[in-house]
Each structure stands twice: as C-alpha cells, then as structure tokens.
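Please view the structure below before reading on.

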Amino acid sequence: MSKGSKFGAIAASSTIAVAMVASTQLSQAPVAEAYTKTGCHVTSNTRWYLSNPVQDEETRAEDSMINWTNYAGNLVHPVRWPGPQSGSSYIQVVAANYGSVSWDGYSTWTCASNGLSGKVTVEINRYHTANYGWVAEQSVYSHEFGHAFGLGHSGNDSTPCSAAANMLPNTPHRAACNAYYPKSDDSNGIKAIY
Amino acid sequence: MINNIWSRHSLAPLAVISVAVLSACSEPSPSSLATPSAQSTTVVHHASLADAYSTVNDLSTASSLIVAGTAGTSHVEKVGEVPFTVTDFKVTDLTKAPSSIVSGSTIQVRQSPGSVSPADSPASDEDAGLAGLTSGTQYLLYLQPFTFSDTAHAVPNEYVITGGQAAWEKTSTHSYIQKLSSKLPTTLSIEGSGKTARISIVK
C-alpha cells in the first residue's frame, strides 16, 4: 500500500468514524429542553386529596398521580388522602364548575423563600372538563400536578407532537398530541428540579 | 411586572379582601410545613387553557362581542372558594355586538383569580398566561358570554375574554398591542368609530 493510499485509507476510515460518531450523536441528541421551572418545589412524600370527589375525577387524579410517580419518585404519595395531613406538603384538588372562563385547570401556590411549597391548590373547571374525553381530562390533571411539582409551561402552539410535553399550555394541543401523562421533557424538568 | 401589579390594577383595596378570602379558605396548616411568612412568600398561578386561538378569524367566529373601550373599577365574586375579578368595561366602539350593546354601554368582564393575590408578592393574570385588565386603560376585546351552563343561560351583561388572551391594549389613536406571548397578532388597528369600526391586523 502506498503512503498516499495508506493515508487515504486512514483518512477515509477516520471520516467514516467521525461520521458514525456524528450520526450516533445526532440520533441520540435530545430534543432541545423546553421545560421551565416555577422556582418552587415540594417536599418528599407530598400528600394530595380531592375536596369534593366524584368518581371520574378520582380516577383521573389517581391515574395522573401514579404516572407522575414514575418520574417524581417519592415526591408524591400516589394514593389519595381523605384530607390535609400533618407532616408533609399537600396538594388540594378542587373540581367544580367555575363557568365559561378560559381555563380548565388553575394552580395556585405559595412559595417560601427557601423555594418550598407548603400547599398547592389545583382547581379543575368542570364547565370544560365535564365535556372532555378522558385523554383531555387527564391531561389537565397531570398538567396541574406538574405545576405543583415545580414545572412551568413548556413549548407553545407551534410545538410539534414529537416534542410535546404534558406542560404544554393548551389542552387541545396536549390532547391532540396524546400528552396526557409526563413526557420526556417533563421528566427532564423534574430531574433538573430535584 | 409583579412589583407594580397593584398600581397597574388599582386593586389595592382588594388586597385586604383577598388576604381575608385566602385566609378564610385555608386549611389548618400542618406545623411541619414550610409555612411561608408574609414577608418571604410569593404566590404563583398557572392556567391550563381550554381553547386555543391563533388567528383573528377564529377569534371573530368564536366571539359574540368585539368591542373597544375603557376598563373601569373591579370587584371580587367568589365561586366556591375561588375569588374572581369582575371588571366594568365602558364600550366606545364595537364591530360585533348584540343590539342591546351600543357605544356608551357598560359591560362586565370576568377575569381569572390571578388578580386577587396577597399584597406581599402578588402574581398577575399575565403570569398565568391570561390577559388582565387595568383600570383606566383602553382595550380592544374579543368576548364570549359568561355562563355556568350554556349561552342561553348566560349571566346578563357579563363576558369573558375569548380564549383568555384576546385583549389588546391601546397605544396610540388607532393602534392596539398584545402583551402576552401567544400566536395571535401582536398589533391590531381600528379604523372608524362606533358601529362602523373596522379591525385590521398590523403585525
């Protein structure tokens, strides 16, 4: 093999190797992070309860909490509690008809200077959710619980379904993308917070 | 934005009410919680939107009332334990309206709970991704009837902002801008006045 051809072979194999590495990196490159943080977080083993449980609300809420435990670990106790408990942060879920206001879910929480949320209130607007299919309804519960754990909104109306997070702000968009449970972007956000 | 919310919304008198409301609604606070003190807390809101509108045409179709005018005083109405801000709005120009509403009419616009937060560090409607109204400010609004059931049983003379974001604030004689991050046009203009007013997209 001539020197030239040897270098040529090395160069060619190097090119292939670089191309393979680049290809691997490209195929493994994560979707650009879109998650945002509220700046608040909960303590471990956070409890939650429904103020006015009805059957489908319980199901949606419990399924959502179970989904979140896959990502949030022991941050949340997935089983619904009968009411606020001492010794832990808690999330109060209220499902009621708040009328034709623009939101179907609304979270409010106080955040102490150390970043801890003691109580999060999640309001589910039955005016809208009572007419939803289960995908859209569960996406609202899961979305609001994401807020409770410290995630802000992720993406916008232009976000493609391939990158859709449960923390997308609009329910029609989440439902169309089947983002009714925590997706990879949501998981990345939780890992970044805790 | 957070720091000047009370001057923007002119809701300082409501601070006392809202603190009282929130206190009355509070569950007993577990002793081991990270209980926020009045000086060290922030109140955060986030909303999940039930409808998504990205074009003025979609908004126009979905809205039963399209008006320009001035926001007036506000009061709080509770649904269950949730306080809502209801703001008087004096109509000057209208491009779509029932016959009962004319230039000079006063309607009421129901907003999110976000406007009524503890005075120590309040959040705003904008923080929740929703349009908020400031007393004395002029707006162009796309509105839907407020109801707990259907439009046939709407609360008389009370409306909500379509999709929660369809509010543009007046910046010059004809120009209105939106301050929220949305896919809706950022700038609209109104030509003409009264019932002959016409809306066009600037940007």
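## Two helices of chain A

In this predicted model, helix 2 (residues 55-72) of chain A and helix 6 (residues 184-193) of chain A have axes that come within 9 Å and cross at roughly 55 degrees. Angles from 65 to 115 degrees would count as roughly perpendicular and those under 35 degrees as roughly parallel, so helix 2 of chain A and helix 6 of chain A are oblique to each other.

On the side of helix 2 of chain A, the contact is made by A:Trp68, A:Tyr71 and A:Ala72. Helix 6 of chain A contributes A:Asp186, A:Ser187 and A:Ile190. Four residues of this contact between helix 2 and helix 6 of chain A are nonpolar, one is polar and one is charged.

## Aromatic rings

Over all chains, the count of aromatic pairs is 12. One of them joins B:Phe146 and B:Phe148, with 5.0 Å from centre to centre and 75 degrees between the planes. Planes over 60 degrees apart count as edge-to-face, so this pair is edge-to-face.

B:Phe148 is partly exposed, at 36%.

A:Tyr98, A:Trp103 and A:Tyr106 form one aromatic cluster together with B:Phe84.

## A charge over two rings

B:Arg110 lies over the face of B:Phe84, 5.4 Å from the ring centre. The charged end of B:Arg110 also sits over the ring of B:Phe146, at 4.2 Å from its centre.

Technical notes: Residues numbered from 1 in each chain as written. Chains lettered and ligands numbered in written order. Predicted model: local features only at pLDDT ≥ 70, side-chain atom pairs only at ≥ 80, totals over all residues. Heavy atoms only, no water. Phe/Tyr/Trp six-rings, centres within 6.5 Å; stacked < 30°, edge-to-face > 60°. Buried < 20%, exposed > 50% of the residue type's maximum accessible area, 1.4 Å probe, protein only. Lys NZ or Arg CZ within 6 Å of the ring centre and 35° of its normal. Axes fitted to C-alpha atoms, helices over the stretch in contact; angles between N-to-C directions. Helix = DSSP H or I, 4+ residues; strand = E, 2+ residues; numbered from the N terminus. Parallel < 35°, antiparallel > 145°, perpendicular 65-115°, else oblique. Contact = heavy atoms within 4.5 Å. Nonpolar A, V, L, I, M, F, W, Y, C, P; charged D, E, K, R; others polar.
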